[in-house]
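The exercises below are to be worked through with the sequence and the coordinates side by side.

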Amino acid sequence: MTTTAHTPATTALRQAERLARDSFAARADGYDRDAVFPADDFADLFAAGLLAAAVPTDYGGLGLGPQQRETLPLWQLTTLLAGADLSLARCWEGHANSLVLIDALGSAEQKRRWFGGVVERGEIWAAWSGEPRAPKPGEVPRFGTTVAAADGGWVLHGTKAFATSATGARWAILLVDRAGPGGARHSPGTSDGVLLLACDLGDPTVTVDTSWWNPGGMRATASHAVRFDGTFLPYDRLIGEPGSYLAGYWQCAFVPHYAASFLGAAEAAYRYALGYLKHQGKSGDPYVQQRVGRMAVNIDTARLWLRHVAALWDEGRLEEARIAGSQARHLIEHLAEETVHHCIRACGARSLIRPSPVERILRDLTFYQRHDNDDHILATIGRAALGESYDPAFHRL
Ligand SMILES: Cc1cc2nc3c(=O)[nH]c(=O)nc-3n(C[C@H](O)[C@H](O)[C@H](O)COP(=O)(O)OP(=O)(O)OC[C@H]3O[C@@H](n4cnc5c(N)ncnc54)[C@H](O)[C@@H]3O)c2cc1C
């Protein structure tokens, strides 16, 4: 006989599963149509004690995530949320990843202050780097920030794009580059120019431009353009040393976390397909069986990869964890995409008509996969295999 241990992590996963099934899945369509931040979902997560999942237990949280060497439960939680609403999962990842960064790099005083805000007041965090520099055809260059030293801190000017949770978060970790616009992702080197600065989004110099964000998918992430007009960020808002985000390859801790969300999309499509096909009495069809079989293998493969990468993090095998995280990210993107397409091909056109969630899952997944460039990720994996030098965190060519 097997027994299931009742740990804080298993309890949290059961609660998240219940919330995702009973509340979040039902709200997803409305948030998507209105392209608004899933505020009620976050209120439920706070009420259930889940908002502090990635806060260490010493500070009143559940102690999940790579920094606490309890990686898999955090990613499984994300997969559950993504199975209900991929946009919710993206907002959740931004929040959880921020807490992991504060845990890893923050001072004791910063942890006390900011973890307290999450545990006691339900404060939501985001992490914003995005400053795409190359304008689209017909677009005037408009994204980019400059940060200048000032008495007692720094002053920030300019605009960031893709600022997930812009209308829901209370705090954002801003990744800014003293070398000039481009955030961290397009920083020209591994210098100590990139700073992580915690910004109180209630500051009147911070404004959200809601006119830009009208995407085909991931609409409820509310990833608006955010403008900083001389925002003062005092020294005590600096998280870690200048450059420590790049030097510590911290993006690598978050790359497989995106894959955990992609898996949630695949699981949701799979669940939908099973219900749909059984309802239509098509279980005996050999082509349907092939597609369902493939979906089942895809999902188990993705789960096994995430388990493998999480174990590497928990065992402190960081170099292996970093490249394995990219491998998982690459593979699971394709497994999830294929699973959604098998669902659509097996079920047919009506599976893409609302209120079916599949059309939203297809839109969301297609859009979300653009968060990182799979070609660059694969080239990074190839360079590592060939013994070439590679940057595991930002997939530069
Ligand atoms: C749903 C969603 C939510 C997001 N949320 C956040 C967030 O909360 N915080 C955050 O910081 N970012 C976030 N991002 C932004 C993301 O990190 C990227 O900055 C954004 O996707 C870049 O937009 P783009 O693909 O149009 O731009 P581009 O940077 O123009 O990229 C377009 C393509 O060109 C490639 N490319 C870029 N530079 C070069 C080059 N020099 N040579 C050749 N190819 C190049 C890219 O790899 C990509 O394939 C989010 C993105 C998405 C889709």
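**Exercise 1.** Which side chain meets that of Glu267 in a salt bridge?

*Solution.* This is a predicted model, in which local features need pLDDT of at least 70 and side-chain atom pairs count only at pLDDT 80 or more, while totals for chains, interfaces and linings use all residues. Residues are numbered from 1 along each chain as its sequence is written, and side-chain values use heavy atoms, with hydrogens and water left out. A salt bridge is a side-chain nitrogen of Lys or Arg within 4 Å of a carboxyl oxygen of Asp or Glu. The partner of Glu267 is Arg303, at 3.0 Å from N to O. The pair links distant parts of the chain, since Glu267 lies in helix H7 (residues 251-279) and Arg303 in helix H8 (residues 286-314), 36 residues apart; helices are DSSP runs of H or I, at least four residues, and strands runs of E, at least two, numbered from the N terminus.

**Exercise 2.** Determine how strand S4 (residues 171-177) is enclosed.

*Solution.* Seven of the seven residues of S4 are buried, so the strand is largely enclosed by the rest of the structure. S4 pairs with strand S5 (residues 194-200) in the antiparallel sense over seven bridges, where pairing requires that DSSP finds at least two bridges between the strands. Strand S1 (residues 125-128) pairs with S4 in the parallel sense over four bridges.

Methods:
Buried means under 20% relative accessible area, exposed over 50%, partly exposed in between (1.4 Å probe, protein chains only).
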